[in-house]
Amino acid sequence: MKSDFIGKKSSTAGGWGALKSCGKQLLQSGNAIAGARTMLKANQPHGFDCPGCAWGDPEHGSSFEFCENGVKAVSWEATEKRATPDFFAKHTVSDLAKLSDYELELNGRLTHPMRYDHASDKYLPVTWEDAFAEIGDILKGLSSPDQSEFYTSGRASNEAAYLYQLFVRMYGTNNFPDCSNMCHEASGVGLKQAIGIGKGTVLLEDFEKADAIFVLGQNPGTNHPRMLGDLRRAAIRGANIVVFNPVRERGLERFSDPQAKLEMLHGGATDIASHYFQPLLGGDMAAVRGMSKAVFAAEDAAVAAGRPSVLDHAFLRDHCQGFDDYRAAVDATSWSDIENQSGLTRAQIEQAADVYMSAEKVICTWAMGITQHLHSVATIREISNFMFLRGNIGKPGAGLCPVRGHSNVQGDRTVGINEKPSDAFLDALEREFGFNVPRAHGHNVLAAIGAMLDGSAKAFVGLGGNFARATPDSALVAKALRNLDLTVHIATKPNHSHLMPGKVAFILPCLGRTEIDLNSDGQPQVVSVEDSMSMVHGSAGINRPASPHLLSEVAIIAGIAEATVGSQTISWAALADDYARIRDHIEATVPGFVEYNTRLRQPRGFHLRNSAAHREWDTPTGKANFFVGGLPTSTVHQQARTAQTRFALQTFRSHDQYNTTVYGLDDRYRGVYGERNVIFIHPDDLASLGAESGDRVNVVGEYDDGITRVATDFRFVSYDIPRGSVAGYYPELNVLVPLGSAGDQSDTPTSKSVMVSFQKDGQANAPANKDAAA
Ligand SMILES: Nc1nc2c(c(=O)[nH]1)N[C@H]1C(S)=C(S)[C@@H](COP(=O)(O)OP(=O)(O)OC[C@H]3O[C@@H](n4cnc5c(=O)[nH]c(N)nc54)[C@H](O)[C@@H]3O)O[C@H]1N2
Ligand SMILES: Nc1nc2c(c(=O)[nH]1)N[C@H]1C(S)=C(S)[C@@H](COP(=O)(O)OP(=O)(O)OC[C@H]3O[C@@H](n4cnc5c(=O)[nH]c(N)nc54)[C@H](O)[C@@H]3O)O[C@H]1N2
Ligand SMILES: [Mo]
């Protein structure tokens, strides 16, 4: 059968399907009872922070403040399976490289520090002491510290991240490629320009007060399921929820909250989106500008008729810079340009604007559908513009809300993981520790890959993550990693990045967030994290460590630091033995952490003050700044549509994955089962290609840099998505995302707008990209 992998879509998100899936996941992890007990401690005042996502926790944590994907994330970590030295003795790295991401991580938790042996092509066990000493020697031997790249994935705690940046800066570089470079970088850059702080301005409580919530480019049903609970409560109280998403996402349509007993008993569900608009990929800036245009038209009409104004003139006058120029820029943007680029009609956009104008308090949330385009920073500026018009920032129930990905990606940035650190932070470090820190800006992800490819980088250290699979042009990045003198991966489970060893290569296994972390006195240590709403709270594991040989991330960083920069200035061991000491240093060098250790003990932790939420604008103008540029000349979608055979591809997440970690092969909400090599496409586009659902194709990259990029053997799935836009899963499709295509000002890979075409009959042209997994 051609399309045996296409099945029924869940009729609602959440509900019994989610509970069933939780049970299955817990059973699969091999220890259902411990798993269930573990889940009861997730996001509770005295438990651990769920590693699933960065959504905030409510004031009175119910005993089930977790979700289906939290269960998956936690049971993935709490699995009984082990990737022991025996496992590595049985398989060469070349053999392991043939496994899919899913098959590889299924082997379970890493148990011992391992060092790569070129002769046998295997990883062999090594002692911690030997590993630290050799890593230290190689780092000390480089001709410049700038020849090394120190990657962070956003799961690292504040304590681990702070110690890491401290060590790396003492060693002498600001090369901090970070997962956020591929994620919400554009939000940070755009919001800093607009409102003086690169973070969202709302609290969880604001969702209880908003009259309307605009959700752009985000799929919370899969990626932030606990957010759906807040959207559901808002919908029930009558708030409008306006969705902009090219794809009909089940979780944004109907949701049955596993935590709502009545709804579950009666098989009921709540409609989430009151309005669902499907713009073209990259068309959001045009859509938002269109809404502003409609607001201005309504304002003119109100003034002419002597009705009350629709603009918040007091806010615009007292707080904003550039309003008149923005008005002029909007007037100069034609409805036909807006319609062409957004793919929405003027009537649809006016309808959305009506919802906006009828609401006193509006929240706007967004995620990767907004941030992973060429013009993401401009789009985020335009969203801010639109929200300024009616003063929807710095008042209860209103504000800007970029919804972060990794559970502590925001905290890592706050405590200094930043390739472009501020002078104020560097000055504070020098005052606190008394050594000279490097001042030159360092490498972000794309710059780090560039340096690895041209040979100027020699060493890579990864604090978590899966660099090779998360980054664009997988085949090139694999080559770049193998070119290095040293690769070090601090990780919980084996992944493909570990299988691209440099001349010397280590895998260093660490404790996960769910595990008890004891210091030398046998006292449990607590770490802390910051969520999307800038709440900082503690996290303490409750499970026995997966292996007695594991060290905490903090202890591993301390070990590498001691071997590299010595302990004369900083006693790394003392810091690693009591994380409260690290927090004291954070308090002394990062604003907002007054009485960190004390306030961490409060049930929900504490809030880091957000200046913009108080209508204080930390911008050069001292105001909230309007952005007055025009729309992009054309989007990738518009360029692709100049030829019938070309499409704009977005790479997104299935319901069964956490970034590069693949939990399973189903995508229940989209009705796809047992298959990840799929391309979602409009039925009329299928017809025009002479193809049907289930047909096999190769996906060919159409980026114009002379490099051939092909992802082989994908299958079409007919779907509710605009014509000309297609979608498929990351990381498999990262072979097609070009390193050369990066967002203006954000330098984020444009993984939501990749120009592609299709070659029928699978095998016709199946070259180089096999290397992607290798
Ligand atoms: N279970 C689970 N949870 C996760 C993750 C995970 O992989 N699994 N990842 C975590 C991380 S690191 C992150 S960053 C977040 C990611 O959370 P999301 O941003 O929700 O992740 P994506 O799957 O990339 O989904 C992007 C959504 O944007 C839409 N979209 C794509 N392009 C456009 C566009 O041009 N305009 C509009 N309006 N919409 C568009 C897509 O159709 C899709 O619905 O989730 C975090 N939480
Ligand atoms: N094409 C495309 N590419 C993308 C994206 C996209 O939407 N499309 N999204 C981008 C985004 S938003 C992000 S955030 C990045 C994600 O990039 P990364 O953060 O680099 O990737 P992850 O898949 O989250 O990392 C998974 C690995 O982390 C390790 N790990 C898990 N838990 C822990 C822990 O507690 N400690 C340590 N030390 N290691 C741990 C495990 O070994 C696991 O294999 O990918 C980006 N890449
Ligand atoms: Mo992310």
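Domain bounds here come from an automatic or database domain assignment. Domain 1 (114-182 + 408-613) and domain 3 (636-772) both give residues to the shell around ligand 2, so ligand 2 lies between them. The model is predicted: local features need pLDDT of at least 70, side-chain atom pairs count only at pLDDT 80 or more, and totals for chains, interfaces and linings use all residues. Residues are numbered from 1 along each chain as its sequence is written, chains are lettered from A and ligands numbered from 1 in the order in which they are written, and side-chain values use heavy atoms, with hydrogens and water left out.

**Ligand 2**

- The shell holds 33 residues, the closest being Y151, S153, E553, T660 and Y730; a residue is near if one of its heavy atoms lies within 4 Å.
- By class, this shell has 13 nonpolar, 14 polar and 6 charged residues. Ala, Val, Leu, Ile, Met, Phe, Trp, Tyr, Cys and Pro count as nonpolar, Asp, Glu, Lys and Arg as charged, and the others, Gly among them, as polar.
- A polar side-chain atom of H406 lies 2.8 Å from an oxygen atom of ligand 2. The side chain of N495 also places an N or O atom 2.8 Å from a ligand 2 oxygen.
- K493 uses a polar backbone atom, 2.9 Å from an oxygen of ligand 2.
- Ligand 2 alone exposes 930 Å², and the protein buries 97% of that (Shrake-Rupley method, 1.4 Å probe).

**Ligand 1**

- Around ligand 1 there are 32 residues; N245, E249, D284, Q657 and N659 are the closest.
- The shell draws at least three residues from each of domain 2 (185-402) and domain 3 (636-772).
- It divides into 11 nonpolar, 17 polar and 4 charged residues.
- A polar backbone atom of N223 is 2.8 Å from a nitrogen atom of ligand 1. For M368, a backbone N or O atom lies 2.8 Å from a ligand 1 oxygen.
- Q650 brings a polar side-chain atom to 3.0 Å from an oxygen of ligand 1.
- The protein covers 99% of the 910 Å² of accessible area that ligand 1 has on its own.
- Elements giving two or more residues to this shell are α10 (220-223), α19 (368-371), β22 (647-652) and β23 (657-658). Helices (H or I, at least four residues) and strands (E, at least two) are DSSP runs, numbered from the N terminus.

**A three-strand sheet**

- An open sheet of 3 strands runs β18-β19-β20, with antiparallel pairing; strands pair if DSSP finds at least two bridges between them.
- β18 (527-530) and β20 (606-607) are the edge strands, each pairing on one side only.
- β19 (residues 535-539) pairs with β20 over 2 bridges. V536 has F606 as its bridge partner in β20.

Terms used:
A polar contact is a pair of N or O atoms within 3.5 Å; within protein, one must be able to donate a hydrogen and the other to accept it, and residues adjacent in sequence count only if both atoms are side-chain atoms.
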